[in-house]
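Here is a friendly walk through one structure, in questions and answers. Have a look at the sequence and the model, then follow along.

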Amino acid sequence: MHRTLIPILGLGLTVACGSPPQTASLAIHDVTVIDPLSRQVLPDHSVFVSEGRIVGVEPAGGAAFLATDSLDGSGRFVIPGLMDMHVHLFRDARVARPTLNLLLANGITGFREMASDCWDATVEHAFCTDSLRELTRDVAAGGRTTPRPLAMSSLPINGVSQRGGLPEGAPEFLAPGTADDGRTLAQWLNARQIDVVKVYNSVPRDAYFALLDEATGLDMEVSGHLPLSVSVVEASNAGHRTIEHARDLPVACGSYSDTYRKVMARVVAGDDGVNGPSAFERIRATLDAFDESVCAAVLTTLAANGTYLVPTHGTREMDYLAGDSAYRANDRLRYVLPPIREGWEADLDRTAGASDDLVEMYGEFYALGVRLSGMAHATGVKVMAGTDSNDTMIIPGFALHDELARFVESGMSPMDALRTATATPAEYLDRSGDLGTISVGAVADLLLLNADPLADIANTLSIEAVLVGGRVQDRATLDELLVSVEAAVSAWDGGADP
Ligand SMILES: [Zn+2]
């Protein structure tokens with residue numbers, strides 16, 4: 001609708017012929033709007049926010065809205081808040097709080113925690129599904145300003161070989177060995193109101209497929225690592241929803257996939273005398289067997305099934321840079337709590353102990369993974385940005401920007417890279433139009449940037465302000481968040497490891 005607007009001088013009011021101006025609590029004036037959902041770029045527009053949602057996106061200078069507060073958007077760019085689809089808070093409030101601050105300070109306004117549930121509610125300093133649910137309600141109600149938890153996941157589900165790691169008194173089906181275990185587990189998780197069943201390497205085939213079938217019937221999804229005995233195509237055809245980490249796909253893209261899957265099925269089953277390949281053998285065989293035409297067929301299947309890919313490339317980058325002194329001297333490590341950092345150092349030392357040949361292959365494997373994200377995207381596979389934050393050298397918040405840069409390196413346009421952290425996660429969450437877009441009716445989770453992310457994806461870091469439900473965190477507030485994390489690092493009391 002076009003309105004003719006007549007300013008009435010002296011009264012400081014603006015009247016629209018036909019309808020009076022609507023009120024808004026906040027306006028971002030004269031800004032370039034980048035909407036990843038529609039792929040539209042609208043220079044010289046104003047965005048109006050009321051009660052936590054976007055109520056108007058209008059050409060600048062119009063008078064359809066009167067806003068109480070405003071932000072100057074001139075020369076700036078507004079994008080939806082970013083979503084990180086693979087984060088770990090480690091179920092510990094002492095880790096969760098600084099992590100949430102790092103995410104927010106870096107413009108991450110929503111995240112998927114990938115190991116939310118505690119088997120045992122008596123864990124000290126617990127920050128598990130109950131805390132995440134409380135936080136979700138609190139952010140939605142305009143209470144605390146933190147990133148929004150987007151889904152509740154189970155703890156990683158391992159196979160029967162990992163039963164020794166279960167807490168005392170936990171039912172054995174939590175590490176399922178049979179199809180019956182898988183079904184019982186799905187029902188148990190459903191009663192705990194879990195959305196995402198996160199599976200891990202050692203779940204046996206029968207248990208995995210039964211778990212997946214039962215979970216799907218209960219309106220939960222199964223995501224995570226692929227069990228080692230299951231191929232990417234089998235998992236995708238069975239309805240596995242998101243494949244995490246750039247690890248399974250490279251194997252699937254060649255003739256090594258069958259060999260590997262068969263031997264690992266025997267290893268997982270505990271067959272006497274059967275050992276899996278070493279990292280060297282596995283990666284060498286994967287690289288040697290890589291075949292672009294096999295890969296194209298696999299990716300076509302993933303695209304047809306709507307399987308999402310969350311490659312978390314930073315985890316593979318760590319493998320090959322573990323011994324690199326510049327990498328290990330990352331200035332952002334000042335935001336990492338001492339016990340986490342100690343764990344990282346140990347992991348880095350272990351990984352850096354690989355032979356030169358293996359380190360070189362890790363580099364090739366990482367590069368292949370990045371290349372596959374570009375191929376996947378070009379084939380129509382839905383790729384989402386996730387980081388594995390708090391895993392070794394994955395520094396929460398900053399890591400998501402690194403991942404977006406890798407997606408551009410893989411061949412995506414900057415707009416498509418932005419979609420991996422906005423429109424695509426919203427679609428995955430069945431919240432398209434509600435999150436990850438700048439359009440009327442959407443939640444006002446926004447980033448105001450000082451430079452154009454479509455000109456250079458690194459400009460997603462040029463953050464002037466972050467809005468969560470329309471609540472503005474300006475640059476000074478974001479800097480305070482970063483300082484608070486550094487203070488938490490300094491003040492760490494040396495207590496029990498989180
Ligand atoms: Zn993870």
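Q: In which strand does Asp30 lie?
A: A word on the source first: this is a predicted model, where local features need pLDDT of at least 70, side-chain atom pairs count only at pLDDT 80 or more, and totals for chains, interfaces and linings use all residues. Residues are numbered from 1 along each chain as its sequence is written, and side-chain values use heavy atoms, with hydrogens and water left out. Strands (E, at least two residues) and helices (H or I, at least four) are DSSP runs numbered from the N terminus. On that numbering, Asp30 lies in strand E3.

Q: Where is Glu51 placed, and what is its relative accessibility?
A: Glu51 also has a positive phi, near 50°, in a residue other than glycine. Its place is in the loop between E4 and strand E5 (53–59). Glu51 counts as exposed, since its relative accessibility is 81%.

Q: How far apart are the centres of domain 1 and domain 2?
A: The domain bounds come from an automatic or database domain assignment. That assignment gives domain 1 as 5–80 + 441–490 and domain 2 as 83–428. Taken over C-alpha atoms, the separation of their centres is 33 Å.

Q: How much area do domain 1 and domain 2 bury between them?
A: In contact (heavy atoms within 4.5 Å) are 33 residues of domain 1 and 34 residues of domain 2. Buried area is the accessible area (1.4 Å probe) that two parts lose on being put together, summed over both. Here 70% of it is on carbon and sulfur atoms, and the total is about 2,800 Å².

Q: Which salt bridge involves Arg148?
A: A salt bridge is a side-chain nitrogen of Lys or Arg within 4 Å of a carboxyl oxygen of Asp or Glu. Domain 1 and domain 2 have 3 salt bridges between them. At 2.6 Å, N to O, the side chain of Arg148 meets that of Asp445.

Q: Which element gives the most to the side of domain 1 that touches domain 2?
A: Polar contacts are pairs of N or O atoms within 3.5 Å; within protein, one must be able to donate a hydrogen and the other to accept it, and residues adjacent in sequence count only if both atoms are side-chain atoms. Between the two domains, 10 residue pairs are in polar contact, both at pLDDT 80 or more. Elements that each supply at least two residues of the domain 1 side include strand E3 (22–35), strand E4 (40–50) and helix H17 (475–490). With 9 residues, the element that gives the most is H17.

Q: How many salt bridges does a search of the whole structure find, and which residue pairs with Arg328?
A: The search finds 33 salt bridges. One of them has its closest N and O atoms 2.8 Å apart and joins Arg328 to Asp349. The pair links distant parts of the chain, 21 residues apart, with Arg328 in helix H11 (residues 325–328) and Asp349 in helix H12 (residues 338–352).

Q: Are Arg406 and Glu403 buried or exposed?
A: Their side chains meet in a salt bridge at 2.7 Å, N to O. Being 3 residues apart in helix H14 (residues 398–409), they are separated by about one helical turn. Arg406 has 7% relative accessibility, and Glu403 has a relative accessible area of 1%, so Arg406 and Glu403 are both buried.

Q: Which residue has its backbone oxygen 2.7 Å from a polar atom of the side chain of Ser410?
A: Ser410 lies in the loop between H14 and helix H15 (414–419) and is buried, with a relative accessible area of 15%. A polar atom of its side chain lies 3.3 Å from the backbone nitrogen of Gly374. The backbone oxygen at 2.7 Å belongs to Phe407.

Methods
Buried means under 20% relative accessible area, exposed over 50%, partly exposed in between (1.4 Å probe, protein chains only).
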